[in-house]
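Hi,

Here is the structure I promised to pass on.

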Amino acid sequence: MSFDHRDEGTPEAVWSAAEQWADVPVEGLHGVELLVVVAAHPDDESLGAAGLMAKAHSQGIAVTVVVATAGEASHPASPSHSPEQLAAIRRSELVQAVDEVAPGARIVLLGLADGGLREHVDELQRAIVAAIGGNDAALVVAPWRADAHPDHTSAGEAAARAVLAAPGARLLEYPIWGWHWATPDSVEWPWQRARTVELHATAAEAKARALGRHRSQVEPLSDERGDEPIVAPSFAAHFERPFETFFAPDDESDSAGRSSLARAYFDDFYEGKTDPWGFETRWYEERKRALTLAGLPRRRFASALELGSSIGVLTAELAARCDALLGTDIAEAPLAVARERLAGAPHVRFERRELPDEWPEGPFDLIVVSEVGYYLSRGRLESLIRRIATSLSPDGVVIACHWRHPVADYPLSGDQVHAALRRESGLERTGGYDDRDMLLDVFAPPGAPSVAQAEGLA
C-alpha cells in the first residue's frame, strides 16, 4: 500500500455511516495502573490516543508517552524550515499537547531517525520495556502495524515485542493513516479486532486542544510550496469523533473462526500420508514449481529460507541454486521425508518451526513463501511480513506463490495474502504471474536492478 497525504482520502462521512460500528465493543480502563502511549512522531500520540490519555489522567492512572522520532522529516521540501528547526518545533509542540490531556505525564523523546525507524526497532523496544517497568497492569497503545507508514509499522512492532517481554501488560493499536487510504469495506480493515474508547466532553475538548498544539502539522508553515499542512481539515475530521478506535492483538479476537491453523491441523493432515498435497504427482504442482524457479531473478543465492517446505520437492530444486538453504515446516512428519530426500545435500537443512514466532536468524537473500500465507490469521500474516522484510538482505529477493480458489478451512485467501505482501512489506514488486488458479509475485528492495540491468543489457 502506498498513499499520498495530499490525496482526498476516504471522507469521514463514509466512516461514520459504516454499519460495522454497531458490533464494535467498548474498551475501558478497568484494572489499568499505567498507560504507555507509543508514537512514531510527535502528533501521533494526539491523533490516536489523546482522548484515552485524558481519560486515564482523570482517573488517576499514570501516563508515559514514548516518542521515537522528532518528526524532522514531515516537510522534506520545505523552503522555510530545516529538519533541525522542525525537530525543535515539534518537540515543543509535543510537550504542549501532552500537557493539555495529561499534565505531568512522563515524556520520553528518543530522537531516532524520522523515516528510518525500521533500523531502530530494538532500541525503541528497549525504551518501551523500560517505560512499562515491570508493571503487570500496564496498557500499551501504539500505532497500528498495518497503517501503511513504515515508521508506524516499526513503532507498532517494537510495542508488540515489548509487551511480549512484559508479562501482564496489554497492547492496543491505533490507526492513523488507515482512515485515509482504507474504506469500511476494505479487506485489510480488521473490524473483528476493533475496540472503541468513548470520550466524555472534557476528554474530547482536551484532545481538540492537543491537536491544535501541533501547529506545524495542522497549519501551513508558510505560504510557499512545500509548507502545506500535513493534517488537512478533511483528515483531521477522523479524529474529532466522540470516541477513539483501537485494534486488539490478533490473539485476543478471532473473526468467526478465522484464527491461524494450529499445528494439530497439519499433524492430522499428514497422518498416514506421505504426499497428501500431490507434490510428486500433480501437473499443477510441477508447473507451479517451474514458474516459481523461472521467476527467480538471479541464477544463484548465498542463503535461502523456504517457508513451508513440506516434503522437500521444491526444496530439492531450489538446492541446486543456493549455497545454503533452510527449509521450515510446522509439522514434523513431512520434514522427516524432506530430510531423507535431501540427505545427500549437506548445504540444506530442515527445522520444525511455527512461524512467525519461531523465526530463524537471518539475513537471507532469498525467501520463498509458497502456499503458506493463508494458513495464518490476518494479524499473524502481518507479523510474518514484517519478519520477512527485516530479515531480507539489502539485495534480497522474496518470491511468493499461492492457490487462488477458496478453501473453507483457511483463514485467508491467496489474493488476500498477496495484497498484504504488496501493501505492507515495503518491498517493490518486480515481477510475477497470475492465472485463475495461482498468484506468483517477486519482490525486492526498492530500486533493485532488473535482470537485464544487472547484466548490463539495459
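Below are my notes on one helix pair and on the cysteines.

Before you dig in: this is a predicted model, where local features need pLDDT of at least 70 and side-chain atom pairs count only at pLDDT 80 or more, while totals for chains, interfaces and linings use all residues. Residues are numbered from 1 along each chain as its sequence is written, and side-chain values use heavy atoms, leaving out hydrogens and water.

Helices first (DSSP runs of H or I, at least four residues, numbered from the N terminus). Helix α2 (residues 44-58) and helix α7 (residues 201-213) have axes that come within 8 Å and cross at roughly 140 degrees. Axes here are lines fitted to C-alpha atoms over the stretch in contact, with angles from 0 to 180 degrees between N-to-C directions.

Who touches whom? On the α2 side there are S46, L47, G48, A50, G51, A54 and K55, which meet A203, A206, K207, A210 and L211 of α7 (contact being heavy atoms within 4.5 Å).

As for disulfides (cysteine sulfur pairs within 2.5 Å), searching the whole structure turns up zero. C322 is in none, and the nearest cysteine sulfur, in C401, is 17 Å away. That is too far for a bond. C322 is buried at 0% relative accessible area, and C401 also counts as buried, at 2% (buried is under 20%, with a 1.4 Å probe and protein chains only).

Cheers

Technical notes
Helices (H or I, at least four residues) and strands (E, at least two) are DSSP runs, numbered from the N terminus. Buried means under 20% relative accessible area, exposed over 50%, partly exposed in between (1.4 Å probe, protein chains only).
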